[in-house]
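Please look over the sequence and the structure shown below before reading on.

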Amino acid sequence: YQRRVRGATLSFLCTQNNSVTTAVCTTGHRSYIPDTTPEERIKIREKEAREESAVLGTNVRFLALPLYDKGGNISDDDLSIIVKLIKDTDASVFFLPQTGDTHATHRAVCQAILLSIQKLIGEGTNKTFELYMYEGPWSIFGKGNYNTICNPPAEHFAKKMTAIGVHASQIDRTPYGVAAESLALLRGALVPEQDLAGFGANPPKLNERLEVYFHSSVKTSSEVAKFLNFLDSCQPPRVF
């Protein structure tokens, strides 16, 4: 969903014989792109997403979730689209916005994904779903809100920055590349001592740039409900 914050991890996964699908959940036709119609904005955003997918090595699917034009209100149509994608791709690992994200569309998408997983569980699936919630420019994790540190080789961060760069319609508005690079460098500078060695201790030598996630395995409806409750209160996930 957001290549600007987890692109290095996805790029790395694609080199490890994994099939990775990027789900573009909304059309983006309400975003600011000067001198364009909504239809033109959709075409621009889809072209950029395809270019991003080629850089990272992922497959791309365009969902055009109805919630985007309904104020983030989720309907059965949204859930049906997501459930179909999960079944079509046999997905069990999900990268999704964290529950404390303040961006309204990100929050709606996160909720729709969680409700879709809950629906599949209700239908009797035996799958365990692996959730990886990511931080971003609107939702930086605090200490205790992430429990997974990804340390991909530098070439995958280079691919991530290239992938961000193809989204000219967005980075002309906001320098997301600067934000992504700064956040990765911040994590690389602080996480080894703060989270791995302890304050004042000798930290392990990791790559210069890192990505962090909150990871949880869910198999029951009540386990999913925990994250829906976090989302309802606009609270980030917590490491218990």
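This is a predicted model: local features need pLDDT of at least 70, side-chain atom pairs count only at pLDDT 80 or more; totals for chains, interfaces and linings use all residues.

## Helices α3 and α4

Helix α3, which covers residues 76-89, and helix α4, which covers residues 104-122, have axes that come within 9 Å and cross at roughly 65°. The two helices α3 and α4 are therefore roughly perpendicular to each other, and the crossing of α3 and α4 is right-handed.

On the side of α3 the contact is made by Leu79, Ser80, Ile82, Val83, Ile86 and Lys87, while α4 brings Ala112, Ile113, Leu115, Ser116, Ile117, Lys119 and Leu120 to the contact. Sorted by class, the residues in the contact of α3 with α4 are 9 nonpolar, 2 polar and 2 charged.

Helix α2 (residues 38-56) packs with helix α5 (residues 154-165) at an angle of about 170°, and their axes are 8 Å apart. With angles over 145 degrees counted as roughly antiparallel, α2 and α5 are therefore roughly antiparallel to each other. Glu52, Val55 and Leu56 of α2 make this contact with Lys159, Lys160, Thr162 and Ala163 of α5, and the residues of the contact of α2 with α5 divide into 3 nonpolar, 1 polar and 3 charged.

Helix α5 also packs with α7, here at an angle of about 160° and with the axes 9 Å apart. These helices, α5 and α7, are therefore roughly antiparallel to each other, and the crossing of α5 and α7 is right-handed. The residues that make the contact are Phe157, Lys160, Met161 and Ile164 of α5, together with Tyr176, Gly177, Ala180, Glu181 and Ala184 of α7. In the contact of α5 with α7 there are 6 nonpolar, 1 polar and 2 charged residues.

## Aromatic pairs

A pair of aromatic rings is described by the distance of the centres and the angle of the planes. The count for this model comes to 8 aromatic pairs. One of them is formed by Phe95 and Tyr213, an edge-to-face pair with 5.4 Å from centre to centre and 75° between the planes.

Trp138 and Tyr176 form another edge-to-face aromatic pair, with 6.1 Å from centre to centre and 90° between the planes. Here too distant parts of the chain are linked: Trp138 is in the loop between β4 (129-134) and β5 (148-150), and Tyr176 is in helix α7 (residues 176-197), 38 residues apart. Trp138 counts as partly exposed because its relative accessibility is 34%, whereas Tyr176 counts as buried at 5%. Beyond these pairs, one aromatic cluster is formed by Phe95, Tyr132 and Tyr213.

Pro192 lies in helix α7 and, at 6% relative accessibility, counts as buried. When its neighbours within four places in sequence are left aside, Pro192 is in contact with Arg187, Ala197, Pro203, Pro204, Leu206 and Leu210. The C-alpha atoms of Pro192 and Ala179 are separated by 21 Å, and the two residues are 13 residues apart along the chain.

Phe230 lies in helix α8 and, with a relative accessibility of 7%, also counts as buried. Between the C-alpha atoms of Phe230 and Lys119, which are 111 residues apart along the chain, the separation is 18 Å.

## Positive phi values

Most residues other than glycine have a negative phi. Ala64, in the loop between β2 (59-62) and α3, has a positive phi near 50°. With a relative accessible area of 42%, Ala64 is partly exposed.

Cys234, found in the segment after α8 (221-232), has a positive phi of about 55° although it is not a glycine. The relative accessible area of Cys234 is 32%, which means that Cys234 is partly exposed.

Notes:
Residues are numbered from 1 along each chain as its sequence is written. Side-chain values use heavy atoms; hydrogens and water are left out. Axes are lines fitted to C-alpha atoms, for helices over the stretch in contact, and angles run from 0 to 180 degrees between N-to-C directions. Helices (H or I, at least four residues) and strands (E, at least two) are DSSP runs, numbered from the N terminus. Angles under 35 degrees count as roughly parallel, over 145 as roughly antiparallel, 65 to 115 as roughly perpendicular and the rest as oblique. A crossing is left-handed if the near helix is turned anticlockwise from the far one by less than a right angle, and right-handed if clockwise. Contact means heavy atoms within 4.5 Å. Ala, Val, Leu, Ile, Met, Phe, Trp, Tyr, Cys and Pro count as nonpolar, Asp, Glu, Lys and Arg as charged, and the others, Gly among them, as polar. Rings of Phe, Tyr and Trp (its six-membered ring) pair if their centres lie within 6.5 Å; planes under 30 degrees apart count as stacked, over 60 as edge-to-face and the rest as tilted. Buried means under 20% relative accessible area, exposed over 50%, partly exposed in between (1.4 Å probe, protein chains only).
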